[in-house]
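This report describes selected contacts, surface features and pockets of one protein structure. Please keep the sequence and the model in view while reading.

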Amino acid sequence: MSAILKVLKPLSITNAVLQSSNVPENDYTEYSLTIPYALGDRVIVAADHSIYESLAAANLGNVPSSSPLKWVKVSATNRWKMFDSSNTTATTKSSSIVVTLIPGQVINAVGFVNVQGASVRVQMNDSVDGLVYDKTVTLQAPPDNANWYSYFFDEIKYITSAKFTALPSYRNATLTITINPVPNKAASCGTCLIGKTVEIGRGIRRGAQVGITDYSRKERNSWGDITLVQRAYSKKSTISMLLNKKEVDYLNESFFPSIRAMPTLWIGGDTYDSMTIFGIYKDFSITIQYASLAECSLEIEGLT
C-alpha cells in the first residue's frame, strides 16, 4: 500500500458558518418558561440547537441548558446532528439534504462519515471567479462478482464515507453540499467535516490492520443461554509508514500534541473505505532508524 495518510482537522461549524439548510429544526416544540413539562417531555432550544428531556414532573421555569437536575441533553437537533462531532447521531431527510456553508477561511477538504445515500455532491463558489469546484461521489459500491447474475440479483451495496480532498484554496468561498437519497429511502449523514488536511509520511506500508470494536452486550446465564443486546461499534486501524527526517520533530513536538483527544478524520487513501476513520489516535511512536528516514507506528480508534 502506498497511499499517503491525510488527516483532516475539522473546522467548528457555527451559526456563522452554516448559512442555510433544507432540514427543518422542528424536532419538538421550542422550550417555554410558561409551560409545566411532564416527566419525559422533550423540547428543543434553538439557541444551542439541542434537544432536551425533562427529568421531573411539573417542570416549570427551569431553563434546560442551565438546569441539569431538571433536564438532560439528548442530542443536537436533526439539522445539526451532522455537525455535532458524534458518529452515532445523524441528520436525516426523506429527500435530498442540501446545506450551504461559508467557512470564512481557506479549506481544502470535505469529509463525510456514516453517510447513507446514492451520491454526495460538493460545490464551491467564489464571489469573483464563480463556480470553482464541482464534484459528485457515487456511494454505490461495485459488485463483488462481475457477472450477469450478480448484476441483476445481488444486493446493491453502498459505501458509508466520502471524501473530497482537492478543493482549491479560496478564502471567501461558499460551499454547497447535497446528499441525494437512494430511491425509497431517506438521506442521512452522521458526520460532515470541513477543514484543511495534513499529509503525513511517504506512504502507508503494506500490512495495515483494520477492524472494529463491538460494544454490544453478550452475557451467558447459569443455564448457558446467551443474552445479546446490539449496541454501537467503532472502527479501528493500525498502520506504519516511513517519515522524512524533517517531519519527525514537527509531528512529535507539534502536530500530534495539538490533536490530543480531538476527533479528526483519518484518510488512508481511496482503495479501502475501511481506511477512512473518524476518531482519535490512541498511540503513536517514531523510531529514528535511518539517517534520513524514520519509522512511525500509529493506532487509530474510531468514535462510535
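## Salt bridges

The side chains of Glu 25 and Arg 79 form a salt bridge, with a distance of 4.0 Å from N to O; the term denotes a side-chain nitrogen of Lys or Arg within 4 Å of a carboxyl oxygen of Asp or Glu. Glu 25 belongs to the loop between strand E2 (18–21) and strand E3 (42–45), while Arg 79 belongs to the loop between strand E5 (71–76) and strand E6 (91–93), so the pair ties together parts that are 54 residues apart in sequence. Helices (H or I, at least four residues) and strands (E, at least two) are DSSP runs, numbered from the N terminus. Glu 25 is buried, at 18% relative accessible area, and Arg 79 is partly exposed, at 22%. Buried means under 20% relative accessible area, exposed means over 50%, and partly exposed lies in between (1.4 Å probe, protein chains only).

The model is predicted: local features need pLDDT of at least 70, side-chain atom pairs count only at pLDDT 80 or more, and totals for chains, interfaces and linings use all residues. Residues are numbered from 1 along each chain as its sequence is written, and side-chain values use heavy atoms, with hydrogens and water left out.

In the whole structure, 7 salt bridges are found. One of them joins Glu 295 and Arg 205, whose closest N and O atoms are 3.4 Å apart. Glu 295 is in strand E20 (residues 293–302) and Arg 205 is in the loop between strand E13 (187–200) and strand E14 (209–214), so this pair ties together parts that are 90 residues apart in sequence. Arg 205 is partly exposed, with 32% relative accessibility. A salt bridge also links Lys 218 with Asp 214, at 3.4 Å from N to O. Here Lys 218 is exposed, at 52%, whereas Asp 214 is partly exposed, at 37%.

## A nonpolar surface patch

Trp 148, Tyr 149, Tyr 151, Phe 152 and Phe 153 make a nonpolar surface patch of about 740 Å². Patches consist of residues with over 30% relative accessible area and no salt bridge; like charges are joined within 9 Å, and nonpolar side chains (Val, Leu, Ile, Met, Phe, Trp, Tyr) within 5 Å. Tyr 149 is located in helix H1 (residues 148–153) and is partly exposed, with a relative accessible area of 48%.

The largest pocket holds about 460 Å³ of space. On a 1 Å grid over the protein atoms alone, a pocket is an open set of points where a 1.4 Å probe fits, with protein on both sides within 12 Å along at least five of seven lines; lining residues have an atom within 4 Å of a point. This largest pocket has 23 lining residues, and those nearest its centre are Asn 87, Asn 114, Thr 160, Tyr 233 and Lys 235. Strand E8 (109–116), E14, strand E17 (233–244) and strand E19 (276–287) each give two or more residues to its lining, and E17 gives the most, with 4 residues.

The second largest pocket has a volume of about 240 Å³. Its lining comprises 14 residues, with Val 137, Ile 159, Ala 162, Lys 163 and Asp 270 nearest the centre. Strand E10 (130–138) and strand E11 (161–164) are the elements that give two or more residues to this lining, and the largest share, 4 residues, comes from E11.

Terms used
Accessible areas come from the Shrake-Rupley method with a 1.4 Å probe; for residues, only the protein chains shown count as cover. Grid points are joined across faces, edges and corners, and a volume is the space filled by probe spheres set on the points.
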